[in-house]
Amino acid sequence: LAAGYAVMALDAQCHGDRIAENDFAPVNHFVDPEIEGIQRKGYFTQQEIYIQTTRDYRRAIDYLETRVEIDANKIGVFGYSMGGAQTFLLTGVEPRVKVSVACATPADNSKFSSIAPQNFAAEIGQRPFLMLMGRTDTMCPVEKAQALLDLIPAAHKQLMFYEAGHRLPVDYVPQAVKWITTHLP
């Protein structure tokens, strides 16, 4: 904020403060040995969560456009884990997003999934896109992360790996901030 950036953080459907929509039970779609807890699909399906959350983010951008103190031509997106996948969806369908950072993005191996990140990668176009991933992340092995990046046609794209699993070391934060501040028009 001190550097002149406004930040809006939204909880995904059935997550954070919106977990009340799911009887306060965690939704954990992926099995990851680093994350304790029982895998639980919950009342909402993963597809419904992703699609509704993308709609909510687009409505948030609509709202930001109404604020005089916000430059709506300088909107960036950052997401971690499920939020990393959401970053692909939102950037792919929302031209108002100008730069994106996706961290620890889970791979979706389903060729026919309507929410798989690979199905939105081409629509990112020439907007700068950074992926920050863990080299030993079982939810997205190195080769899948590289294949996902290769689908993005942007000239300014980058894939960085950390010696970590799904939980990246805090070093990823300054990298994400630098990418956004460097590539916002």
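**Notes on the predicted model**

1. As for cut-offs, exposed is over 50% relative accessible area, buried is under 20%, and partly exposed is in between, with a 1.4 Å probe and protein chains only. The buried residues of H4 are Tyr172, Ala176, Trp179, Ile180 and His183. These take up an arc of only 90° around the axis, which puts them on the same side of H4. The arc is taken over the directions from the helix axis to the C-beta atoms.

2. A word on ground rules. This is a predicted model, in which local features need pLDDT of at least 70 and side-chain atom pairs count only at pLDDT 80 or more, while totals for chains, interfaces and linings use all residues. Residues are numbered from 1 along each chain as its sequence is written, and side-chain values use heavy atoms, leaving out hydrogens and water.

3. What is the order of the elements from the N terminus on? They run α-β-α-β-β-α-β-α, which comes to four helices and four strands. Helices (H or I, at least four residues) and strands (E, at least two) are DSSP runs numbered from the N terminus. Of the 185 residues in the protein, 46% are buried.

4. Two totals for the whole protein. Among contacts between residues at least 6 apart in sequence, 67% join residues at least 24 apart; a contact here is heavy atoms within 4.5 Å. The accessible surface comes to about 10000 Å², with 56% of that belonging to carbon and sulfur atoms. Areas are Shrake-Rupley values with a 1.4 Å probe, and for residues only the protein chains shown count as cover.

5. The expected span is 1.5 Å times one less than the number of residues. The cover over the buried residues of H4 includes S1, S2, S3 and strand S4 (157–162).

6. With 21 residues, H1 reaches 31 Å from its first C-alpha to its last, close to the 30 Å expected at 1.5 Å a residue. Its buried residues are Gln46, Ile49, Tyr50, Thr53, Thr54, Asp56, Tyr57, Ala60, Ile61 and Leu64. Looking down the axis of H1, these fall within an arc of 165°, so they line one face of the helix. Strand S1 (75–80), helix H2 (82–93) and strand S2 (97–103) are among what covers them.

7. What does the side chain of Asp56 make a polar contact with? The partner is the side chain of Gln52, at 2.8 Å. A polar contact is a pair of N or O atoms within 3.5 Å; within protein, one must be able to donate a hydrogen and the other to accept it, and residues adjacent in sequence count only if both atoms are side-chain atoms.

8. Now the cores. The largest nonpolar core has 15 residues, of which Phe88, Phe129, Met131, Met133, Ala145, Ile152 and Leu159 touch the most other members. Strand S3 (129–134) and helix H3 (142–150) each supply at least two residues of this core. Apart from it lies another core, of 14 residues, including Tyr57, Val77, Ala85 and Leu89. A nonpolar core is a set of buried Ala, Val, Leu, Ile, Met, Phe, Trp, Tyr and Cys residues joined through side-chain atoms within 4.5 Å.

9. Two backbone spots to look at. Ser81, in the loop between S1 and H2, has phi near 60°, a positive value in a residue other than glycine; Ser81 is buried at 17% relative accessible area. Ala104, in the loop between S2 and S3, has phi near 50°, again positive in a residue other than glycine. Ala104 counts as buried, at 0% relative accessibility.

10. Ala147 is in helix H3 and is partly exposed at 40% relative accessible area; Ala147 and Gln118 are 29 residues apart in sequence and 8.7 Å apart in space, C-alpha to C-alpha. Ala155 is in the loop between H3 and S4 and is exposed at 62%. Ala155 and Arg127 are 28 residues apart in sequence and 8.1 Å apart in space, C-alpha to C-alpha.
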